[in-house]
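Subject: Structure for your review

Dear colleague,

Please find below the structure that I am handing over to you. My notes on it follow directly after.

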Amino acid sequence: VALPPGLELLMADVCGGSESPSMARKILDWKRSKRRTGFMDDYYWKDLKRVNAKIARLLTTTFKEQTFLDGLERDGPVILSTRTAEQWKKPMPSSWHEFEGSSWDVALKLLDLRMSILEARQNLKGMGNAASVPVEPDEQSLLANETMKLPGVVAAGVPGAGGYDALFVVYVEGPRTNDGSSDHVRDSICSLWKRISEENSATTVCPLSVRASGIDSGLRASDV
């Protein structure tokens with residue numbers, strides 16, 4: 001699964017660390033135990049599987065449609081990257097939503113991805129709370145939610161098995177900065193993380209120098 005050109009994936013290392021194998025083992029033990037007692041028909045697992053399939057479908061089908069790609073290339077840097085996701089929901093000039101692939105159309109599809117990732121996060125956090133495992137700790141929820149308030153940010157969350165040690169962000173690429181090695185949205189994300197790190201000595205957030213973008217480009221290194 002790859003992101004289309006115009007969307008970026010940024011990863012961060014968060015000082016703290018978690019033992020992912022141990023956490024995953026505790027979750028699986030909890031699942032087996034609760035299944036034997038009929039825990040809500042595996043609600044978290046089934047709902048997470050459903051929403052993950054929807055996320056994959058958006059990335060592999062909807063986001064590969066040419067009208068979406070053209071709209072994101074045309075309006076992503078100058079319109080969508082300069083507005084928050086909350087602003088994407090508000091009425092736009094009529095010319096923005098008169099055709100498939102318009103700014104409004106692209107924004108609605110990005111909001112669909114945003115809500116799906118939020119739903120996945122809710123299931124993971126609920127599962128973790130039920131199993132007494134910090135899959136998405138409150139500190140990470142706060143960091144992800146603050147990041148999601150920034151212009152251009154589609155969604156943020158905790159990758160992999162969860163815990164305290166990492167964060168991911170999917171965002172709309174903004175106008176290029178730093179001789180093309182960064183962009184306005186990425187700069188604003190890094191500025192937020194720097195401020196949070198300075199205000200809270202217990203939280204140190206470091207953007208990683210590897211990010212993913214484009215249908216064919218995969219991972220690439222960049223200066224931080």
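In these notes, a residue is buried under 20% relative accessible area, exposed over 50%, and partly exposed in between, computed with a 1.4 Å probe on protein chains only. The model is a predicted one, in which local features need pLDDT of at least 70 and side-chain atom pairs count only at pLDDT 80 or more, whereas totals for chains, interfaces and linings use all residues. Residues are numbered from 1 along each chain as its sequence is written, and side-chain values use heavy atoms, with hydrogens and water left out.

Overall organisation

The protein chain contains 7 helices and 7 strands. Helices (H or I, at least four residues) and strands (E, at least two) are DSSP runs, numbered from the N terminus. Read from the N terminus, the order of elements is β-α-α-α-α-α-α-β-β-β-β-α-β-β. Of the 224 residues in the chain, 47% count as buried. Contact here means heavy atoms within 4.5 Å. Among the contacts between residues at least 6 apart in sequence, 68% join residues at least 24 apart.

Helix 2

Helix 2 comprises residues 43-60, which makes 18 residues, and reaches 26 Å from its first C-alpha to its last, close to the expected 26 Å. The expected span is 1.5 Å times one less than the number of residues. Buried in helix 2 are Tyr44, Asp47, Leu48, Val51, Ile55, Leu58 and Leu59. These residues lie on the same side of helix 2, because they cover an arc of only 110° around the axis. The arc is taken over the directions from the helix axis to the C-beta atoms. Lys46 and Lys49, on the other side of helix 2, are exposed.

Helices 6 and 7

Two packed helices are described by the angle between their axes and the distance between the axes. For helix 6 (residues 138-147) and helix 7 (residues 184-199), the angle is about 145° and the axes are 10 Å apart. Axes are lines fitted to C-alpha atoms, for helices over the stretch in contact, and angles run from 0 to 180 degrees between N-to-C directions. Helix 6 passes helix 7 in a right-handed crossing; a crossing is right-handed if the near helix is turned clockwise from the far one by less than a right angle, and left-handed if anticlockwise. Leu143, Glu146 and Thr147 of helix 6 make the contact with Ile189, Leu192, Trp193 and Ile196 of helix 7. The residues of this contact divide into 5 nonpolar, 1 polar and 1 charged. In that count, Ala, Val, Leu, Ile, Met, Phe, Trp, Tyr, Cys and Pro are nonpolar, Asp, Glu, Lys and Arg are charged, and the others, Gly among them, are polar.

The buried residues of helix 6 are Gln140, Ser141, Leu143, Ala144 and Thr147. Their arc around the axis is only 165°, which puts them on the same side of helix 6. Asp138 and Leu142 are exposed on the other side of helix 6.

Helix 7 has 16 residues and reaches 23 Å from first to last C-alpha, close to the 22 Å expected. Val185, Arg186, Ile189, Leu192, Trp193, Ile196 and Ser197 are its buried residues. Viewed down the axis of helix 7, these residues fall within an arc of 135°, so they line one face of the helix. On the other side of helix 7, the exposed residues are Lys194, Glu198 and Glu199.

Two residues with positive phi

Most residues other than glycine have a negative phi. Ser132, although not a glycine, has a positive phi of about 60°. Ser132 sits in the loop between helix 5 (103-131) and helix 6, and is exposed at a relative accessible area of 66%. Asp179, also a residue other than glycine, has a positive phi near 60°. The loop between strand 4 (176-177) and strand 5 (182-183) holds Asp179, which is exposed at a relative accessible area of 83%.

Thr62 is in the loop between helix 2 and helix 3 (66-75) and counts as buried at 17% relative accessibility. Leaving aside neighbours within four places in sequence, Thr62 is in contact with Arg57, Phe68 and Lys109.

Asp105 lies in helix 5 and counts as buried, at 17% relative accessibility. Not counting residues up to four places away in sequence, Asp105 touches Phe99 and Glu100. Asp105 and Phe68 are 37 residues apart along the chain, and their C-alpha atoms are separated by 7.9 Å.

Yours sincerely
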